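Here is my note on the model, as numbered points. Please read it with the structure open.

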Amino acid sequence: AAAAPYLQALRRWCVDGQLDDPYGEFCVAEDVDAEKTAVARDYNASYWDERFTSDAGKAAGGAVKSHLAKVLTAGKYRVVLRDAACSGEDNELEATWAALTPADVVEDAAGRLARAIDQAYAASAAELKAVLFERERGLEKLRVLKRFFLAGQGDFLANFLDLADAELRKPAQKASPTRLAHLLAVALAASARGEGAVIEGLRLEPALASRDLRAHLDAIHRHEGADDDDAVVTETPLLAVDAFVLDCRAPWPAALLLSRRSVVKYQLAFRRVFRAKRVERRLLSCWTDQQASKRWCGRGATRSALAPAFLLRQRMLHFAQSLVFYATSDVVGARWAGLEEELRRAPHVDAALAAHDAFLDAVLRDLLLANHRLLGLVADLERSCDRFCDAADRFSEAALDAATA
């Protein structure tokens, strides 16, 4: 009889997602200060991991102790389903738990309590995965992030780079976020899909970070807030092109899949791809100008003098195009198909979240964001390309002025 209240608390937790423990004797405890909305706004939010925790010392009976992880997870799933108003009645599950007796908690000789816990876990896991990937269209939301954060839709990025070139050349403090937002909306509307800023319930917004990419990574490694807006003092002003990043926030419960931590990882990958794509676009523009210059410089000494510059530009363009192809095809494209397959096969939400997180970690690693030395070398090469393009632009303007004088 003494085990009856414990069995009732166990049933309410595993079946209803309600924690009924006024005396603190149950094997699951709740952090009442945790906020589910923090998952969508704070990089270091640990709501999913720390709102509910288990205590093996309070697990009664062998079945509960051996299935403590499933007890904790089944109840967590039920809490999310209840918050999302998606928790329906499961008559078979209710009947299984109604047939249990307090003696099953003390000594589960027939294995009935263990089977009931397994059934509760499987049912809640299947329901929550269906909510995130069917009702909330989780896979479609991830595809949106792939298209825009990982350069899966190239025409949008090309349109935006052309439209926002002048704004991106400014120091970050002088660039206008409002103007960037307008140019982003124009680029989206002019893309092949003709979309708006809200896609699959996700609103895409431009933002200007207070740090460059390397400083952003250092802040995360020091466990600082990834969205910290404190100004960072540097010797050279931070340009808007180095501070520009896309942002989006997902509503609950989709925020479990697209938490702030996941979005920041997408942003890190976006900044790397965006920078490489812009260098490529500048070198292509430089190639166009140099092709035009061949018409007026002829085949004499002037063209011979320019030949080393033409050769250097070609090698830089080959480097930039190879870098963009590597990032978009060899890294993102090669891993994305595997991610979709893992998400389809995932038996429960935690497996899906782990697969998504592993994908993002692999992408960041393959984009050299985990190797500061190599990342620094690539950044130095890109700065050299920028300096070359700046010099080539000045030469083209001077040459045009001289030709038309």
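1. Start with a term. A residue is buried when its relative accessible area is under 20%, exposed when that area is over 50%, and partly exposed in between. Cys-27 has a relative accessible area of 0%, so Cys-27 is buried. Keep in mind throughout that this is a predicted model.

2. The overall picture. The chain has 405 residues, and 46% of them are buried. Its secondary structure comes to 18 helices and six strands. Now take the contacts between residues at least 6 apart in sequence: 77% of these join residues at least 24 apart.

3. Cysteines. How many disulfides does the count give? The count is zero. A disulfide needs two cysteine sulfur atoms within 2.5 Å. For Cys-14, the closest cysteine sulfur belongs to Cys-27 and lies 7.7 Å away, so the pair is too far apart for a bond. Seen from Cys-27, the closest cysteine sulfur is that of Cys-14, again at 7.7 Å and too far for a bond. Cys-14 has 0% relative accessibility and therefore counts as buried.

4. Helix α1 against helix α6. Cys-14 also takes part in a helix contact. Helix α1 covers residues 4–16 and helix α6 covers residues 91–98. Their axes are 11 Å apart, and the packing angle is about 165°. Angles over 145 degrees count as roughly antiparallel, so α1 is roughly antiparallel to α6. The crossing of these two helices is right-handed. On the α1 side, the contact uses Leu-7, Leu-10, Arg-11, Cys-14, Val-15 and Asp-16. On the α6 side, Leu-93, Glu-94 and Trp-97 take part. By class, the contact of α1 with α6 has six nonpolar residues, three charged and no polar.

5. Trp-13. This residue sits in helix α1 too. Is Trp-13 buried or exposed? It is buried, because its relative accessible area is 0%. Leaving out residues up to four places away in sequence, Trp-13 touches Gln-18, Leu-19, Phe-26, Val-28, Phe-52, Val-71, Leu-72, Gly-75, Lys-76, Arg-78 and Val-79. Take Val-79 from that list. Trp-13 and Val-79 are 66 residues apart in sequence, yet their C-alpha atoms are 8.7 Å apart.

6. Helix α5 against helix α8. Helix α5 spans residues 68–83, and helix α8 spans residues 112–135. Their axes come within 9 Å and cross at roughly 40°. The crossing is left-handed. From α5, the contact takes in Lys-70, Val-71, Thr-73, Ala-74, Tyr-77, Arg-78, Val-80 and Leu-81. From α8, the residues in contact include Ile-117, Tyr-121, Leu-128 and Val-131. By class, the contact of α5 with α8 has 12 nonpolar, two polar and four charged residues. Val-71 and Arg-78 of α5 are also among the residues that Trp-13 touches.

7. Positive phi values. Most residues other than glycine have a negative phi. Arg-137 has a positive phi, near 50°, and is not a glycine. Arg-137 lies in the loop between α8 and α9 (138–149). Its relative accessibility is 37%, so Arg-137 counts as partly exposed. Leu-368 is not a glycine either, and its phi is positive at about 75°. Where is Leu-368? It is in the loop between α17 (349–366) and α18 (372–404). Leu-368 has a relative accessible area of 25% and is therefore partly exposed.

8. Ala-362. This residue belongs to helix α17. Ala-362 counts as buried because its relative accessibility is 5%.

9. Leu-239. The residue is placed in the loop between α13 (213–221) and α14 (240–243). With 32% relative accessibility, Leu-239 counts as partly exposed. Which residues does Leu-239 contact, neighbours within four places in sequence aside? They are Leu-168, Arg-169, Lys-170, Pro-171 and Ala-172. Leu-239 and Leu-168 are 71 residues apart in sequence, and 7.1 Å apart from C-alpha to C-alpha.

Technical notes:
Residues are numbered from 1 along each chain as its sequence is written. This is a predicted model: local features need pLDDT of at least 70, side-chain atom pairs count only at pLDDT 80 or more; totals for chains, interfaces and linings use all residues. Side-chain values use heavy atoms; hydrogens and water are left out. Axes are lines fitted to C-alpha atoms, for helices over the stretch in contact, and angles run from 0 to 180 degrees between N-to-C directions. Helices (H or I, at least four residues) and strands (E, at least two) are DSSP runs, numbered from the N terminus. Angles under 35 degrees count as roughly parallel, over 145 as roughly antiparallel, 65 to 115 as roughly perpendicular and the rest as oblique. A crossing is left-handed if the near helix is turned anticlockwise from the far one by less than a right angle, and right-handed if clockwise. Contact means heavy atoms within 4.5 Å. Ala, Val, Leu, Ile, Met, Phe, Trp, Tyr, Cys and Pro count as nonpolar, Asp, Glu, Lys and Arg as charged, and the others, Gly among them, as polar. Buried means under 20% relative accessible area, exposed over 50%, partly exposed in between (1.4 Å probe, protein chains only).
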